[in-house]
Amino acid sequence: MHYLSTRGQTRLHTFSEAVEAGLAPDGGLFLPESFPDISGKLTAWASLSYAELAAEFFQLFAPEIPAAEWHELTAKAYAKFDSPDVAPLRKLTEKTYVLELFHGPTLAFKDFALQLLGLLYKRQAQHSGKRLSVLGATSGDTGSAAIHGCSGQDGINIFILYPQGRVAPLQERQMACTGAANVFAINVPGTFDDAQRVVKEVFGDTAFAKDLNLSAVNSINIARVLAQCVYYIWAWLKLPESAREKIEFVVPTGNFGNVLAGWMAQRMGLPGCSFRVATNHNDILYRFFTTGEYLQGEVKASHAPSMDIQAASNFERFLYFLLDQDPARVREVMAQMKAGGAVTLPKPETSFRATRMSDEIIERVIAQMWKDWQYVIDPHTACAFTDMAQDGISIVLATASPAKFPEVVTRATGHEPTHPTLEALKSLPPVTTPLPATAEAVKAFIRKFQ
Ligand SMILES: *Cc1c(COP(=O)(O)O)cnc(C)c1O
């Protein structure tokens, strides 16, 4: 199995090479050159634990890592989750299930990928004997999950940029209070998209990236998307057989990473699925899936800050398939998008629905869910609870623990959600570095720690 770039100007990479590079050298995103067919394996996979399922799945994508090692890696990655199911599927009503993806160390779904990625980085640093500098931008949850995957791991430094004042206070503490010497939380002025742009520019300096052995740890890393495919398969396997016929996965979305993983699992042969993209008022993906036009707007802060994005970085992977796997067309469309123009794209063949939700409704939905079901949800997950599918069942992906967003949740339910991990953070001193939002400043900072 090899990995190609969506822009078609990069040689094929192995899994390990693609994971280490993050972004492809031509500026594109890595994708497996073909999707294996998993449909014949589902029956045998039904009895596996979550970690075992992940190990079986990853063997298809990285056969160069021995099976026994995959089992060790995934067992370790998912050992820190506080539910024996890792991703428990909870039945809320006859027609609605919730896949709880917030039982990892930072209480959001990003732990699924980043606990594993931290171990893969460590493995690579050991194999190459070279120190790895991991760099990423975050709207909140990626950064804390990446930091918790890498903190204290030998051979790795991790640098995470986040927009000052635009991540929730507890998210900032999760990044800034690890006490680990290899962790650097960096706040920059502007929005998430500015932080992401700086990271892209730093990677654009290929000599620097090579020299510093730089690796990207945001939602563009292919290992991350693959790790997220696993819980769609897991959820499908946990459903009663009678419920598997028609499933709509409802996915709170910002960068399009999470829902892309589900769509890839479907392409690999997971039957009966469709998807709904659930956005907050930063609705570029809602507009795309309802009109076919992809046009960036202004980012406006919302109650669901991890979805405050108007440049969905994983969308390029989907675009590659929308444009018939033609890298020349991908390059053309990406250039148009970069120039800020509206781009009209072909209709996707898979059925994607889309909904969006204002802050006011988010709060109302949290209150209603508490009242009706005594179930507390976070503001990101709340975006999913609208316009539920009429036939078949819905699986809502619950992307974060309500305890990460206590202000909105307390206002809506009258109860303050808490979690012991977060309580412990409140007494620790935060350590963060302010830097200008420029590639030069960030490069100079990274160099200091080589
Ligand atoms: C990152 C995040 C999202 C959005 O996920 P994407 O993969 O960027 O679409 C949604 N909810 C929470 C809690 C998140 O942390």
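## Exercises on a predicted model

At 39% relative accessibility, glutamine 325 counts as partly exposed (buried means under 20% relative accessible area, exposed over 50%, partly exposed in between; 1.4 Å probe, protein chains only). A quick word on ground rules: the model is predicted, local features need pLDDT of at least 70, side-chain atom pairs count only at pLDDT 80 or more, and totals for chains, interfaces and linings use all residues. Residues are numbered from 1 along each chain as its sequence is written, and side-chain values use heavy atoms, with hydrogens and water left out.

**Exercise 1.** Find where glutamine 325 and valine 86 sit, and look up their phi values.

*Solution.* Start with glutamine 325: this residue is in the loop between H13 and helix H14 (327–338). Helices (H or I, at least four residues) and strands (E, at least two) are DSSP runs, numbered from the N terminus. Its phi is near 55°, a positive value in a residue other than glycine. Next, valine 86 is in the loop between helix H4 (67–77) and strand S3 (89–91). Phi of valine 86 is also positive, near 65°.

**Exercise 2.** Describe the aromatic pair of phenylalanine 57 and phenylalanine 61, then the pair of phenylalanine 256 and phenylalanine 318.

*Solution.* First, the rule: rings of Phe, Tyr and Trp (its six-membered ring) pair if their centres lie within 6.5 Å, and planes under 30 degrees apart count as stacked, over 60 as edge-to-face and the rest as tilted. That gives 40 aromatic pairs. Phenylalanine 57 and phenylalanine 61 make a tilted one, with 4.9 Å centre to centre and 40° between the planes. Both residues lie in helix H3 (residues 50–61), four residues apart, which is about one turn of the helix. Phenylalanine 57 and phenylalanine 61 are both buried.

Now the other pair: phenylalanine 256 and phenylalanine 318 are tilted too, at 5.3 Å centre to centre and 55° between the planes. This pair links distant parts of the chain, 62 residues apart: phenylalanine 256 is in the loop between strand S9 (247–252) and helix H11 (257–267), and phenylalanine 318 is in helix H13 (residues 315–322). Check the cover: phenylalanine 256 is buried at a relative accessible area of 1%, and phenylalanine 318 is buried at 2%.

**Exercise 3.** Which residues surround the ligand, and how much of the ligand does the protein bury?

*Solution.* Count first: 15 residues surround the ligand, and the closest are Lys110, Asp141, Gly254, Asn255 and Thr399 (near means a heavy atom within 4 Å). Then go through the backbone. A backbone N or O atom of asparagine 255 is 2.8 Å from an oxygen atom of the ligand; a polar contact is a pair of N or O atoms within 3.5 Å, where within protein one must be able to donate a hydrogen and the other to accept it, and residues adjacent in sequence count only if both atoms are side-chain atoms. For glycine 257, a backbone N or O atom lies 3.3 Å from a ligand oxygen. A polar backbone atom of asparagine 258 lies 3.0 Å from an oxygen atom of the ligand. Finally, the ligand taken alone exposes 380 Å², and the protein buries 99% of that (Shrake-Rupley areas, 1.4 Å probe; for residues, only the protein chains shown count as cover).

**Exercise 4.** Work out how tyrosine 162 is placed, and what this residue touches.

*Solution.* Tyrosine 162 belongs to strand S6 (residues 156–163). Its relative accessible area is 1%, so tyrosine 162 is buried. The side chains of tyrosine 162 and threonine 432 are joined by a polar contact of 3.3 Å.

**Exercise 5.** Is helix H6 (residues 141–150) largely enclosed or open?

*Solution.* Nine of the 10 residues of H6 are buried, so this helix is largely enclosed by the rest of the structure. Among the buried ones are Asp141, Ser144 and Cys150. The buried residues of H6 pack against elements including helix H5 (111–128), strand S5 (132–137) and S6. After H6 comes glycine 152, with a positive phi near 75°.

Methods: Contact = heavy atoms within 4.5 Å.
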